[in-house]
Amino acid sequence: MPLARSYRYVEAWGMAAGSEARVLLPHSLEEMREALAATRAAGSSLTLRGTGNSYGDASLPVSASRDGTVLDCSRWNRILAFDPETGIVEVEPGVTLDLLWRHTLPHGWWPQVVSGTSFPTIAGIAAANIHGKNNFAVGTVGDAILDFDLLLADGSVRTCSRERESELFHAAIGAFGLLGVFTRLRLRTKRVYSGELSVTTYASHDLGEMMETVQAHVDDADYLVGWVDAFARGDALGRGQVHHARYLDEGEDPHPEETLGVAYQEPPRSVFGVPKSELWRVMRMLNGDRRWRFVNSVRYWQGRLEGAMAPRRWTHVEFAFLLDSLPNWKWGYGRVPGRGLIQFQPFVPRDRALDVFRDILRKSQERDLVPYLGVLKRHRPDPFWLTHAVDGWSLALDYKVTPARRDELFAFCRELSELVLAAGGRFYFAKDLTLAPGFARRMFPPERLQAFLELKRELDPENLFQTRLWRRVLGDQSNDA
Ligand SMILES: Cc1cc2nc3c(=O)[nH]c(=O)nc-3n(C[C@H](O)[C@H](O)[C@H](O)COP(=O)(O)OP(=O)(O)OC[C@H]3O[C@@H](n4cnc5c(N)ncnc54)[C@H](O)[C@@H]3O)c2cc1C
């Protein structure tokens, strides 16, 4: 069968960037090799892509014209093996988190690290080295990966693990598709005794209190996340609610065979008779500062109310993928070119995080560029070469992009990134679209970045694997790599 291909518009998840590109859709290692050869013959660069859930340009081709080729791995998506005794699963690169939990949960296993959406592929989350709401406890997804096969630019395949090709193992996880193609991955999942979690809500009057609450529970929670009202000012700056979740112990759930089932986890498809797939239209009507201020206020007071109540049971899917319960909610930001959203997610060491985040919230309000959604998480360091995680905190902020204020917003985010850098912080490339050219050279320890670039030069001397993100954050010097 010939390798499937098309020309189409390839977009950042936040819709604020994109371009037409030649897209190849391999289904096997042979087709993947064919794609490498065809790209090389065409003198083009190759951008790897999963399901395109990176907010910015991490899986966009380098050029906004048609000469970049995108290798879409999402159709190569079989679960190759799963052991219900150990929870170890082996997958092709395009298997999504959604496919994975549906396969493992009925056997009592849940993916160890998930993102806030279930749509990313396993290769995409390995390439970004994603973190979950349990990053403080279990690390990033790289910590759950046992081994993988990586197809290199010359067509050879290397099997990497902590013991074998250890350097490449730690460099390729978090390399954002620059070193090679994940063609097979094996990872650990987590034993669970119920399809539900016990979730407690704590209201916080300000950001300081929210961080204290999270810190006070790092030893007794399995997941912790803070939802921040970025509109609140003065003494209430950074107010919101913390969700604390813990797995149920064996025997705590009287009906695990039911709650672990896929049907039990499926969220309802409609609300008051309205299909959820249409609810983004309601969000579209909310798309304005005053209305979002109101929504954030309601959420805060709802948190106060829930905070006074006993813990509730949530399904894994409801807790982990809360944002998926409103399909296509991003369209609420507008569905015409130039509109959309960006996420700005600084990671700051623990002793400076509160001051930096307060500063960011205050400046956003002063500039009248207030994020509609704010999410606070606690993190821990990990051994991967280009990791974003620090012993500290991140605050993910969703800013609306409009044609009128796009340039101002991007310049503002660059200003804010200087504050973060000065505090020893980092950024997470899966979320970025605004960092200044060359920023990567200032963000990572020089010897670490140098080692990565040397490895890139050794494995991919023709610089076949490229993305728009890397061109930008390396300062368009990726040909040096
Ligand atoms: C609503 C929402 C919530 C999110 N929540 C979180 C969160 O809580 N935590 C978090 O860490 N992230 C989060 N993310 C980000 C998301 O998890 C990452 O961007 C993830 O990488 C997306 O995977 P993907 O399959 O869509 O890959 P893409 O976005 O298509 O690509 C991501 C990277 O993977 C590379 N890549 C793709 N396939 C391969 C391959 N086969 N081999 C090598 N490299 C490859 C690409 O080149 C690119 O650099 C969220 C995103 C959204 C939209």
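Strands are DSSP runs of E with at least two residues, and helices are runs of H or I with at least four, both numbered from the N terminus. The model is predicted: local features need pLDDT of at least 70 and side-chain atom pairs count only at pLDDT 80 or more, while totals for chains, interfaces and linings use all residues. Residues are numbered from 1 along each chain as its sequence is written, and side-chain values use heavy atoms, leaving out hydrogens and water.

**View 1. E90 in strand β6.** E90 sits in strand β6. Its relative accessible area is 21%, so E90 is partly exposed. The classes are buried under 20%, exposed over 50% and partly exposed in between, with a 1.4 Å probe and protein chains only. Leaving aside residues up to four places away in sequence, E90 touches I79, L80, A81, R184, L185 and R186. Contact means heavy atoms within 4.5 Å. G392 is 302 residues from E90 along the chain, and 32 Å separates their C-alpha atoms.

**View 2. The five-stranded open sheet.** The strand order is β5-β6-β10-β8-β9, and the pairing is antiparallel. Two strands pair if DSSP finds at least two bridges between them. β5 (79-82) and β9 (157-161) are the edge strands; each has a single partner, so one side of each lacks a neighbour in the sheet. From one strand to the next, the twist averages 15 degrees.

**View 3. The β8-β9 pair and the helices on the sheet.** Strand β8 (residues 145-151) runs antiparallel to β9, and five bridges join them. D149 has T159 in β9 as its bridge partner. Helix α1 (residues 29-41) lies across β8, β9 and β10 (181-187), at about 50 degrees to β8. Helix α2 (residues 97-104) also packs on the sheet, where α2 touches β5 and β6 (89-91). The direction of α2 makes about 35 degrees with that of β5. Axes are lines fitted to C-alpha atoms, for helices over the stretch in contact; angles run from 0 to 180 degrees between N-to-C directions.

**View 4. Helix α6 against helix α12.** The axes of α6 (residues 207-216) and α12 (residues 350-366) come within 10 Å and cross at roughly 140 degrees. That angle makes α6 oblique to α12. Under 35 degrees counts as roughly parallel, over 145 as roughly antiparallel, 65 to 115 as roughly perpendicular, and the rest as oblique. L207, G208 and M211 in α6 meet A353, L354, F357, R358 and L361 in α12. The contact residues divide into six nonpolar, one polar and one charged. Ala, Val, Leu, Ile, Met, Phe, Trp, Tyr, Cys and Pro count as nonpolar, Asp, Glu, Lys and Arg as charged, and the others, Gly among them, as polar.

**View 5. Helix α12 against helix α13.** The axes of α12 and α13 (residues 406-422) come within 10 Å and cross at roughly 165 degrees. That makes α12 roughly antiparallel to α13. α12 passes α13 in a right-handed crossing. From α12, R352, V356, D359, I360, K363 and S364 meet F412, L416, L419, V420 and A422 of α13. Seven nonpolar, one polar and three charged residues make up this contact.

**View 6. E250 in a loop.** E250 lies between β14 (240-247) and α7 (256-259). Its relative accessibility is 63%, so E250 counts as exposed.

Definitions and conventions
Left-handed = near helix turned anticlockwise from the far one by under 90°.
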